[in-house]
Amino acid sequence: MNETHEIEKDMHYLQLLATTFPTIADAATEIINLSAILNLPKGTEHFLADIHGEHEAFLHIIKNASGNIKRKVTELFGNTLRESEIKELCTLIYYPEQKLQLVKAQENDIDDWYHITMHQLVRVLREVSSKYTRSKVSKALPKEFSYILRELLYEHHSDAAKVAYVNVIIDTIITTGRADDFIIATAKVIQRLSIDQLHILGDVYDRGPGAHIIMDYLSQYHSWDIQWGNHDILWMGASAGNDACICNVIRLSLRYANLTTLEDGYGINLMPLAAYAMENYSDDPCEAFRPILNSENSNRFDEKTLRLMAMMHKAIAILQFKAEAQIFQRNPQWQMLDRCQLGDIDYAKGTITLDGKEYQLTDTHFPSVDPANPLAFTEEEKTIMKRLHHSFRVSEKLQRHISTILSHGCMYAIFNSNLLFHASVPLNEDGSLKEVEIRPGKKFAGKELLHQTGLLIRSAFQNDTPKEEKQYAKDYFLYLWCGKNSPLFDKSKMATFERYFIREKETHVEEKGNFFRLRNDEKAVDGIMDAFGVTGENRHIINGHVPVHVAKGESPIKAGGKLMVIDGGFAEPYHKETGIAGYTLVYHSRGFELVQHEPFTSSKDAVEQGTDIKSTKQIVETAGHRMLVADTDRGRELKQQIDDLTRLLYAYRHGYIKEKK
C-alpha cells in the first residue's frame with residue numbers, strides 16, 4: 001500500500017527516469033552495476049594547502065602521488081628489482097618524456113629495454129587501477145591506446161597462449177615505432193589513477209614563481225576542487241578590478257623578487273611603474289623594500305636590478321596604502337579607518353601616532369604624498385593605476401584562470417565527513433560562532449557566513465549584478481584580505497605599514513582570532529562541525545593558512561585528531577620557520593596518512609639523478625575496516641539511485657509505466 005502511494009507521488013520523476021532506463025532489463029542492469037560499485041574500495045583523496053606558486057614541488061608531489069606510486073612499485077618489484085632500478089622506473093612514471101630522452105641516449109639495446117619496461121608499466125597500471133570499475137579505467141585511458149591497454153590489463157598471464165598474445169602486442173608496439181608514445185600514455189594514466197580526488201585548501205598564488213603553471217595544470221586535471229585562500233582572493237580581487245588588490249599583488253611579487261607570474265605568466269605591464277619609481281625614488285635607498293631572495297633567485301639578479309625592484313616595491317606600497325584608504329573610507333562600517341596610516345603621520349616631525357603612542361618613522365621619504373591630502377593619488381599616480389588596472393583586466397590568461405578557480409571552488413566544502421576551508425571560522429571568546437556583517441546591516445555566522453561570502457564574491461564577476469552591488473563586491477575583496485573578522489584573515493590587523501616604517505616590534509604584532517586560540521579545543525571544533533552539519537563517527541576539520549612549526553615541536557594534529565592543519569610551508573621563505581616543505585594529507589580506504597615533505601631540489605635533478613622528495617608518513621587514523629565506496633558521500637548517492645531504480649522496476653512490473661522496447 002505504502003509502495004503504491006510512493007509510486008503515485010513520484011510518477012513525474014519516475015517517468016523522467018524511464019527515458020534513461022526504458023526497460024526492466026535496463027533498470028535491473030544499472031542496479032547490478034551500482035551495487036557492484038558500492039563494494040569497491042574507496043578512492044584515494046589527496047589534500048594540499050598553501051602551495052604558493054611552488055610549481056615544481058607541487059607537480060612532483062602530484063606526479064608521485066605523495067610517494068604512493070613508489071610504494072606500489074616497491075611492493076610489486078621489491079624482490080626482483082634493485083633499489084636503483086625501482087628509482088629509475090619511478091622517475092620514468094613521473095617524467096616519461098624527459099626520462100625517455102636520457103634512456104635512449106644511454107641504452108645500448110633499446111628494444112630490449114622497451115620490452116621489459118612496458119611489461120613493468122602494465123603491472124603497475126594493473127595495480128593502481130584495481131580499485132576502479134573497468135568503465136572508469138576505460139574512460140581514463142588515452143583513445144589511441146585504449147583498446148591495447150584494456151587487452152593488456154585484463155588478460156590472465158597464467159595462460160601460456162595469452163602470454164604469447166601479450167608479447168606479440170608489445171613487440172608490435174615497438175616495431176611500429178609507437179613505444180615512446182605508449183610509455184608516456186601509460187605513465188600518465190598511472191599518475192591519474194593514483195589520485196581519485198585532489199583537494200586544494202587554498203593559496204595557489206604568491207611567493208613562488210609558478211602559480212600560472214599550477215593553474216594551467218589544474219585546468220586539465222581530471223578531478224579537483226579548491227577552497228579559496230586569502231592569496232587566491234587577492235588575485236581574484238585584482239582580476240575583478242580592485243585597485244588595492246592589484247597593488248598588493250604587485251607588492252608581494254616585488255617583495256619576493258618574483259615577477260615571473262605577473263610578467264611571463266599573465267603579461268602584466270610593469271614598465272609604467274618602473275619608470276615612475278626611477279623618477280621618484282632614485283635618491284632613496286629603499287632599504288626596507290629590498291627583495292627577499294631565496295636559493296633559486298639569490299644569484300639571478302644583479303645589484304642594478306635589485307635596486308630597481310626596491311624602488312618599484314616602495315612606489316607600489318605607497319600606491320597600495322592610498323588605494324586601501326580610499327576603500328576603507330568608502331566602507332566605514334568595516335571599522336578600518338585606523339588603517340589609513342598615511343593620514344596619521346606628522347610629516348614635519350617624521351613621526352606617526354598609533355593607539356595614542358608616537359613612533360619615529362624609519363623612512364620619511366614620501367615624494368608623492370601631499371601632507372594636506374595624504375590619501376589622494378597624484379595625477380601621475382592616477383595614470384599609473386589606470387594602466388595597471390587595464391593590464392589586469394585585459395589579461396586573458398589571468399581571467400581564464402580566475403574563472404577556473406571560481407568554477408572549481410568555494411569558501412568551504414564537505415567531503416566524506418571532512419569539513420574543508422582555508423583559514424578559519426570566526427568565533428567569539430567562548431567558542432560560539434561569531435556574527436560578521438558582510439553587507440550593510442546583514443550579519444551571518446558559521447556556515448551561512450561562508451556561504452554568503454561565496455555568493456558575494458561570485459557577484460563581482462556576474463554581468464547581471466547591479467552596479468552599486470558589484471562595486472561593493474569588488475571592494476569586499478580587500479576586507480577578505482585584511483579585515484579583522486574575515487574568515488580568510490581573522491587577525492587584529494595586517495601590519496604591512498608598520499613592518500616597513502616602524503622599528504618597534506610591538507607595532508608589528510598581528511593578534512590571531514579566537515579560532516586559532518581554540519583550534520585545539522575539542523568542544524569548539526565539535527561546535528563548528530555541528531554548525532556545518534558534518535556527520536559521521538570520524539569527522540574532521542582540515543585546513544591550512546598558518547604554517548605548522550614542526551622544527552619547534554608543533555603538531556599538525558589538533559583537538560584530539562579532529563582538526564588537521566596541513567600548511568607545512570611549501571613556499572621556500574617558510575622552510576626555516578617550519579623545518580619542512582609542506583604536507584600532503586592522504587585519505588584512502590585504510591584511513592588517513594599525513595605525508596611530511598622535505599625541500600624539493602628540481603625536476604631536472606629528479607629526471608637526471610632520480611632524486612625524489614623525501615617524505616615521512618604518519619598514520620593519523622586507521623579505519624576499523626577497509627572503507628568501500630558504500631561508506632562515502634558518493635556511496636550515499638548511489639544507494640539513493642538504487643532506491644529510485646528499484647521503484648522504477650516496481651512501476652514497470654505493476655503497470656504504472658510501460659516499457660519502451
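Okay, let's start with what I mean by contact: heavy atoms within 4.5 Å. And helices here are DSSP runs of H or I with at least four residues, strands are E runs with at least two, all numbered from the N terminus.

Quick word on the source. This is a predicted model, where local features need pLDDT of at least 70 and side-chain atom pairs count only at pLDDT 80 or more, while totals for chains, interfaces and linings use all residues. Residues are numbered from 1 along each chain as its sequence is written, and side-chain values use heavy atoms, with hydrogens and water left out.

So, helix packing. Two packed helices are described by the angle between their axes and the distance between the axes. Axes are lines fitted to C-alpha atoms, for helices over the stretch in contact, and the angles run from 0 to 180 degrees between N-to-C directions. Take α15, residues 243–255, against α22: the angle is about 45 degrees and the axes are 9 Å apart. That makes α15 and α22 oblique to each other, given that under 35 degrees is roughly parallel, over 145 roughly antiparallel, 65 to 115 roughly perpendicular, and the rest oblique. Who meets whom? From α15 we have A244, C245, N248 and L252, and from α22 there are F477, L478 and W481. By type, the residues of that contact are six nonpolar, one polar and no charged.

The structure holds 25 aromatic pairs. Rings of Phe, Tyr and Trp (its six-membered ring) pair if their centres lie within 6.5 Å; planes under 30 degrees apart are stacked, over 60 edge-to-face, and the rest tilted. W334 and Y479 have ring centres 5.4 Å apart and planes at 50 degrees, so that pair is tilted. W334 sits in the loop between α18 (303–330) and β4 (345–346), and Y479 in α22 (residues 467–482), so the pair ties together parts 145 residues apart in sequence. Both W334 and Y479 are buried, meaning under 20% relative accessible area, with exposed over 50% and partly exposed in between (1.4 Å probe, protein chains only).

Y479 also pairs with Y476: centres 5.4 Å apart, planes at 25 degrees, so this one is stacked. Those two tyrosines, Y476 and Y479, are three residues apart in α22, about one turn of the helix.

Elsewhere, F289, F321, Y347, F366, F497, Y500 and F501 form one aromatic cluster. K314 lies over the face of F366, 5.8 Å from the ring centre. Likewise, the charged end of R134 sits over the ring of Y154, 4.0 Å from its centre. The rule there is NZ of Lys or CZ of Arg within 6 Å of the ring centre and within 35 degrees of the ring normal.

Now, is E498 buried or exposed? Buried, at 1% relative accessibility. E498 belongs to helix α23, residues 496–501. Skipping residues up to four places away in sequence, E498 touches R339, Q341, L354, K493, T507 and H508.

Last one: W235 in α14, residues 230–240. W235 is buried too, with a relative accessible area of 2%. W235 and Q399 are 164 residues apart in sequence, yet 10.0 Å apart in space, C-alpha to C-alpha. Among the contacts of W235 beyond four places in sequence are Y205, D206, L398 and I402.

How values were computed: Ala, Val, Leu, Ile, Met, Phe, Trp, Tyr, Cys and Pro count as nonpolar, Asp, Glu, Lys and Arg as charged, and the others, Gly among them, as polar.
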